[in-house]
Amino acid sequence: MPTITLPDGSQRPYPAPLSGAELAASIGSGLAKAALAIKIDGKVKDLATIIDHDAKVEIVTRTHPDALDLLRHDAAHVMAEAVQELYPGTQITFGPATETGFYYDFHREEPFTPEDFAKIEKRMAEIVDRNETITREIWTRDQAVDYFKSAGETFKAEWIKEIPADEEISIYRQGKWLDLCTGPHLPSTSKLGKAFKVMKLSGAYWRGDANNPQLQRIYGTAWADEKQLKNYLTQLEEAEKRDHRRLGREMDLFHQQEEAAGAVFWHPKGWTFYRTLENYIRRRLNDAGYVEVKTPQIMDRSLWERSGHWEKFHENMFIVQDDENHVLAVKPMNCPGHVQIFRQGLTSYRDLPLRMAEFGSCHRNEPSGALHGIMRVRAFTQDDAHIFCTEDQIVTETKAFCDLLRSVYRDFGFEDVRVKFSDRPEKRAGSDETWDKAEAALKGATTAAGLEFTLNPGEGAFYGPKLEFVLRDTIGRDWQCGTLQVDFVLPERLDASYVGEDGAKHRPVMLHRAIFGSLERFIGILIEHYAGKFPLWLAPLQVVVCSIVTDASPYAEKVAAALRAAGLKTELDLRNEKIAYKVREHSLAKVPVIIAVGKRDEEGGTVAIRRLGSNDQTVLPLAEAVETLGAEATSPLDRRE
RNA sequence: GCCGGCUUAGCUCAGUGGUAGAGCAACCGCCUUGUAAGCGGUAGGUCGCGAGUUCAAAUCCCGCAGCCGGCACCA
């Protein structure tokens, strides 16, 4: 005798247990038709699920927040069925829903190619039209293993053996096709609809391990209706337009070339931007009580051996050998160098915390497949610093860092910042006691800083646990930039010590921390975040002054000089071209302010200002324009006061 | 590093075995112009690199590199 509570709060008693489909039908025939699944006490289940107890139940239709996951998971199954029909001998493995769609990993000797996509999509549409009923069955373990083995599905068979004994083996059948799956699923393939598209192809390792065989992953996207699909595809195009590699070229910021794979050639405008960023953070660090240092690019192997980097990372380090057979390494990080500075002379507890910063130019020999524009490079610069402090100071230093970081991110328009806490990895240095201490300290400090975090188990650095700061850009993508890592290991290994109040030697704790992470990557993120349309204070070129007629050239020069005197990065365009031509060109180059001057302006002492993204102009007296733009170009550093 | 794709002029791209093409950009003229492309002309390429097949290779085969999309990695 279940009593069912619906989302509107109404309660319905039923004389006997009933399925989700029956429930939907009892509420209305329209709902029965639209129903895809039910959500019982917060869990999405098949429509065929029998409700035999009092429960809160929602009918999941296409517009329900949980519908997309369901549709996408079904799209994965429908695609797998299509692929197995089209390419006999292909083995199925896993196929989950993703944030924007789904994928399915297949094993097949012959590679799929993008030419297969249309064929697969067509067959998927046919399977939708066939309206195959989807049913759930519970099999015994042996039955399932036997079945998949005899069907030649070795991956599935292997997987079943590893499912914990107390879990049900559920099989979903649609038409002649079936898959091992926990579900839930739609009642039939027609409910999927046709708002899906097979998108791309890639390799993926069986169970995510590079030692395992490689599978072929086919990705697709799926939506509740055609409009959503179209909308998503448009969004992809928009994201492509703000690709930093494309904008970097169009805005003449930087280039890369194959003789220096994984490195950046900064052009004048790009380097101006870089320096703006560097100077900004330099001042923020200075204000926060950091000192800046510079340590050697190349240091002897022995130092890297002592620090522990050699053992763990030497394959990813650039190694050099000199004439006298010394083996050296180009620095992949700055911490060992900073410890060397710390070790010079005696340090008192009164000197702590010592916050040592460096714009450290590092090289890491990243795997070729990892490189990506200026976001993932082999030569990069960190806004790195190490805070040498006592254990007691971890909490206040962590809190101060978190505050600084959030304030910096806000200056770049990033309001939404999340924190991940990564604890001890399998391969690590230091004793379990040390790790207990480090993890407890960092957790305590994070909580004290008023931050919420999600746990990222086993993802810590080899020397200590870490916080990772993830920011969200204007188009909703997440980027991990900042980090703070507690390290009890390196001071020990490199023998850093300070003299305590008690006159005895103690080990300092090191906090490794960065806000941007890598300047190169952060610039890439900013380019995409702003789509190249930088706020005035960041723009590497702020104003272009264009003459409308040649006779106005002297006045244009005067205007440009006045802007430059006010500190604005200004260029002159005196070319013999129509003003519309110049406006178009500088707009495409994403110059934030275009000033056009002709005879009228010269006579009136005015300028016509056109802002990027606007089709209007504002005519202002020159002095007023200089003042307005000058104020707007002020760095947030000077606005703060 | 692994899987798949790609690489032709500065950029975007056409060209599937028979003398390398287009648009835009560049350069040179004309035009003196009021807010997103005025007009005309000129120049520009060892078709990523190397080796092979062929009378003949941008095109077919092999190797390598780089890039793109993922996977794995990310101190």
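To a polar atom of which side chain does the backbone nitrogen of Phe-112 lie 2.7 Å away? That side chain belongs to Gln-216, a residue of strand S14 (residues 214-222), where strands are DSSP runs of E of at least two residues and helices are runs of H or I of at least four, numbered from the N terminus. The model is predicted, with local features needing pLDDT of at least 70 and side-chain atom pairs pLDDT 80 or more, whereas totals for chains, interfaces and linings use all residues. Residues are numbered from 1 along each chain as its sequence is written, and side-chain values use heavy atoms, without hydrogens and water.

**Gln-216**
- Gln-216 is buried, with a relative accessible area of 14%, buried meaning under 20% with a 1.4 Å probe and protein chains only.
- A polar atom of the Gln-216 side chain also lies 3.1 Å from the backbone oxygen of Arg-108.
- Leaving aside residues up to four places away in sequence, Gln-216 touches residues including Tyr-104, Phe-106, Pro-111 and Ser-202, with contact taken as heavy atoms within 4.5 Å.

**Second largest pocket**
- A pocket is an open set of points on a 1 Å grid over the protein atoms alone, where a 1.4 Å probe fits, with protein on both sides within 12 Å along at least five of seven lines, and its lining residues have an atom within 4 Å of a point.
- The second largest pocket is lined by 30 residues, of which Thr-100, Tyr-232, Leu-236, Ala-239 and Arg-477 lie nearest its centre.
- Strand S14 is among the elements that each supply at least two residues of this lining, while H7 gives the most, with eight residues.

Definitions and conventions. Chains are lettered from A and ligands numbered from 1 in the order in which they are written. Buried means under 20% relative accessible area, exposed over 50%, partly exposed in between (1.4 Å probe, protein chains only). A polar contact is a pair of N or O atoms within 3.5 Å; within protein, one must be able to donate a hydrogen and the other to accept it, and residues adjacent in sequence count only if both atoms are side-chain atoms.
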